[in-house]
Amino acid sequence: MHALNQSLPCCINSVEISNFPFWNTSFIMITSSVAESSQNLVIRTSKTANQKKRFSVAEMAKESLQYLSGFRNEFHSEDPRCPGSLPTKQNNPQRCPYGLYPEQLSGTSFTSPRETNSRSWLYRIRPSVLHTPFKKLPLGNLSTNWDIFEPNPNQLKWDPFDIPDVEDRRVDFVQGLNTVCGAGDPKDRHGIAIHMFLCNTSMEDKCFYNSDGDFLIVPQQGKLWITTEFGKMLVEPNEICVIQQGMRFSVELKGPTRGYILEVYNNHFVLPPLGPIGANGLANPRGFLTPVAWYEDKEVNKYTVINKFQGHLFAACQNHSPFDVVAWHGNYVPYKYNLSDFMVFNTVSFDHADPSIFTVLTCPSTRPGVAIADFVIFPPRWSTAENTFRPPYYHRNCMSEFMGLIYGSYEAKEDTLKPGGATLHNIMTPHGPDSNCFEKASNAQLVPEKVAEETMSFMFESCLNMTVTDWACNTSLKLDVNYPKCWQNLKKMFNPKLMSLKPNINGEAYTSIYRSPIHAEDNDVGNADTAVHN
Ligand SMILES: [Fe+2]
């Protein structure tokens with residue numbers, strides 16, 4: 001881990017880094033930072049750089065990637081092989097250094113307010129327009145036409161989705177996209193889709209970009225080495241990345257790889273407002289990492305550019321790599337985030353707080369406080385609430401909730417949701433802890449304890465009513481039809497005579513109802529054990 005975390009004067013716009021043995025282009029630039037973060041420069045290597053002996057030299061080079069720190073900063077970066085390639089003072093000089101073409105990538109309308117305006121300027125060997133006409137590709141298991149599927153208001157759960165065996169068929173990241181559910185229409189720029197990626201092969205001379213919206217990618221098994229027009233990044237389980245609309249990227253991987261994707265059509269992801277929490281907490285801006293400029297001047301017979309456009313796939317060809325951006329600047333960038341960097345807030349008195357306290361990123365709608373989609377995690381944390389049923393409460397929500405598990409076991413359903421699987425509780429579909437969890441938590445001794453250790457589950461929560469695809473319900477063969485049975489053992493415990501029972505401050509009298517019969521002479525309520533099991 002290398003960290004240069006000193007504040008840089010505004011006049012300083014470059015820092016030389018020379019001690020990265022596996023990375024020749026060891027030079028990055030950063031200048032004025034606006035938005036939520038400071039003017040700090042942080043160079044971070046992947047945690048797995050400490051496990052170098054497990055990888056070849058070539059792989060180690062990929063693991064020692066460098067990043068720019070901050071969320072929606074005004075970043076500057078140039079590949080050190082071409083010093084001075086980034087024009088100064090202006091975006092579009094008559095002739096750019098090194099004979100590069102300038103190209104703007106707009107993430108918001110030209111006239112968006114300054115605080116939300118997103119764009120970047122790319123200085124590249126060839127402009128992106130140099131390709132053959134797009135031709136339609138088979139859609140595979142991607143979907144956006146929700147009207148062809150039957151509505152399903154049931155509680156749904158999927159066992160871990162199968163990753164294709166490479167011996168049977170080679171499947172890359174794009175070929176391995178499968179839509180589970182969604183709502184809305186990319187043509188209207190309103191809606192979301194949730195996909196699983198199930199793949200075993202790197203993309204070769206092939207890149208992908210999405211005209212419909214942003215991808216929030218959650219790897220669950222296997223690492224993703226992602227090359228973007230802005231540079232390279234490594235994203236591994238317990239990290240997430242966001243590739244925003246229009247950004248070209250290619251995914252390399254090694255072995256069976258699986259994960260979740262939240263696609264949003266409306267808007268870009270932002271950090272949630274902190275309100276009374278104050279200036280710090282949840283996902284701090286400095287935890288978000290953007291790649292540094294990297295280019296390849298590579299000519300090939302056929303390089304395929306795949307575009308997702310209005311929910312369909314198209315392919316065009318060109319004779320060169322699209323990753324030919326020598327320098328760039330702007331605030332419209334890809335980024336990644338390590339979920340272990342999340343600063344958790346929770347109750348230290350009583351009751352179970354709403355899960356919104358765990359929001360990492362949100363894609364806002366036009367209605368205040370209502371998200372098109374929130375990305376929420378349930379990280380390891382201390383649980384200290386007194387006189388409280390600590391797991392998630394039973395509820396019905398005006399939002400839809402899709403849950404996934406990266407590793408470990410989910411606290412409210414230890415025996416049901418598995419890593420690589422998922423649940424969906426749609427709008428107003430009742431749900432909550434299974435009967436085992438309820439029994440256990442109702443009888444637990446309430447002492448401070450660490451919960452969700454060695455596990456990371458997450459939720460995509462949306463204001464939209466989700467339609468589930470035929471792939472998810474049938475083709476995948478992973479829908480667990482027995483899932484609703486996990487609640488069927490919940491017992492009726494009601495007994496009006498128990499109204500006279502007054503739990504003490506630690507809830508001891510209350511919990512004793514479940515543990516053992518309460519003597520009638522002590523409480524004058526009859527046999528409570530009978531009351532529980534009636
Ligand atoms: Fe819920």
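# A walk through the strands and the core

In strand β29, the bridge partner of Phe 375 is Phe 460. That pair is the starting point. The model is predicted: local features need pLDDT of at least 70, side-chain atom pairs count only at pLDDT 80 or more, and totals for chains, interfaces and linings use all residues. Residue numbers start from 1 along each chain, as its sequence is written.

Some terms come first. Helices (H or I, at least four residues) and strands (E, at least two) are DSSP runs, numbered from the N terminus. Two strands pair if DSSP finds at least two bridges between them. A residue is buried if 20 or more other C-beta atoms lie within 10 Å of its own, exposed if 12 or fewer, and partly exposed in between, with C-beta atoms placed from the backbone.

Now the whole protein. It has 6 helices and 30 strands. Of its 534 residues, 42% are buried. Two residues are in contact if their C-beta atoms, placed from the backbone, lie within 7 Å. Among contacts between residues at least 6 apart in sequence, 77% join residues at least 24 apart.

Return to β29, residues 456-462. Here 7 of the 7 residues are buried, so the strand is largely enclosed by the rest of the structure. Met 456, Phe 458, Phe 460 and Ser 462 point one way. Ser 457, Met 459 and Glu 461 point the other way. Strand β24 (residues 371-378) runs antiparallel to β29, joined to it by 5 bridges. Strand β26 (residues 400-407) is also antiparallel to β29, with 7 bridges. Tyr 407 stands opposite Met 456 of β29.

Phe 458 leads on to the core. A nonpolar core is a set of buried Ala, Val, Leu, Ile, Met, Phe, Trp, Tyr and Cys residues joined through C-beta atoms within 7 Å. The largest one holds 109 residues, and Ile 192, Ile 194, Leu 216 and Phe 458 touch the most other members. Take Ile 192. Leaving aside residues up to four places away in sequence, its contacts include Leu 262, Val 264, Tyr 265, Ile 372 and Ala 373. Ser 462 and Leu 464 are also among them.

Next comes an open sheet. Its 4 strands have the order β4-β21-β6-β5, with antiparallel pairing. β4 (75-78) and β5 (101-106) stand at the edges, each with a single partner strand, so one side of each has no neighbour in the sheet. From one strand to the next, the twist averages 20°.

Strands β6 (residues 119-124) and β21 (residues 325-330) pair in the antiparallel sense over 5 bridges. Ser 120 lies in β6. Its bridge partner in β21 is Gly 330. Ser 120 counts as buried because it has 22 C-beta neighbours inside 10 Å. Ser 120 and His 329 are 209 residues apart in sequence, yet 5.6 Å apart in space, C-alpha to C-alpha. Setting aside residues up to four places away in sequence, Ser 120 touches several others, including Leu 105, Trp 328 and Tyr 332.

Two loop residues close the tour. Most residues other than glycine have a negative phi. Lys 89 has a positive phi, near 70°. Lys 89 lies in the loop between β4 and β5. With 5 other C-beta atoms within 10 Å, Lys 89 is exposed. Asn 387 also has a positive phi, near 50°. Asn 387 lies in the loop between β25 (381-383) and β26. With 16 other C-beta atoms within 10 Å, Asn 387 is partly exposed.

Conventions. Axes fitted to C-alpha atoms, helices over the stretch in contact; angles between N-to-C directions.
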